[in-house]
Amino acid sequence: MYIPKIDFQLMIDSIPFLLTGLPYTIGISVVTFLMGNVLGILLTVLGMLPSKVIKGFVRFYISFLRGVPGLVLLFLLYFGLPYQLSALTAACICFSLTSSAFIAEIYRGSIAGVEAGQWDAAYALGLPFGKVMRKIILPQAFRISIPALGNVAMDLLKGTSLAAMITIPDIFQKAKIVGGRTFDYMTMYILVAVIYWLLCVAIGWGQGWLEKYYLTRYKVKPEVKT
């Protein structure tokens, strides 16, 4: 029976090469997370408007992009359009669109979790809708949504590995290159898995820091589980 072996020396020797793909992995993750938030907030606000047409479009957009696999959308953008997008552009558009659908639902739920009295008090002061959202509701909704947004950020980071399918030289693509050259995919995939895990640990640390920051700044009492 074949028992795969892990070549630790190959891991050590390959780390510098794999890390040359780190700017693509982190860069795509950061750009698409920020764009996903912008689009997600826009979709959330549009979904609150009285127009049935706009609400219908928002519901369709969210439903479609939550239901279509990211790899399918990535291939549609890169191979299916009548004009050729660059691999990096196609990846950024794909991950921004898919993440925006999930983020829109996160913000919708977070806004619903803001106390109704906040809306009443703001309107009683004569504040317009835009200012109420920007100054009062969204900051509170963001605090509520931090754990869920942290999960989206981790999923985006891991999802960028799909970009290797359209030749973007991220860390997963670099691992594939070394694996193909040495015929030791097991070692390289374990190494790249550890790198992704460490990056997700860093995101988790940032999420924890933000939660503590908001607890301290707004003096919010943490929930006590019984």
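Buried means under 20% relative accessible area, exposed over 50%, and partly exposed in between (1.4 Å probe, protein chains only). The model here is predicted, so local features need pLDDT of at least 70, side-chain atom pairs count only at pLDDT 80 or more, and totals for chains, interfaces and linings use all residues. Residues are numbered from 1 along each chain as its sequence is written, and side-chain values use heavy atoms, leaving out hydrogens and water.

View A. Rings of Phe, Tyr and Trp (its six-membered ring) pair if their centres lie within 6.5 Å; planes under 30 degrees apart are stacked, over 60 edge-to-face, and the rest tilted.

**View B. Four rings make a cluster.** Here, ring pairs join Phe142, Trp209, Tyr213 and Tyr214.

**View C. Threonine 167 has a positive phi.** Most residues other than glycine have a negative phi. Threonine 167 isn't a glycine, yet its phi is about 75°. Look for it in the loop between helix H7 (129–159) and helix H8 (171–182); with 54% relative accessibility, threonine 167 is exposed.

**View D. Phenylalanine 183 has a positive phi as well.** Its phi is about 60°. Phenylalanine 183 lies in the loop between H8 and helix H9 (185–217) and is exposed, at 73%.

How values were computed: Helix = DSSP H or I, 4+ residues; strand = E, 2+ residues; numbered from the N terminus.
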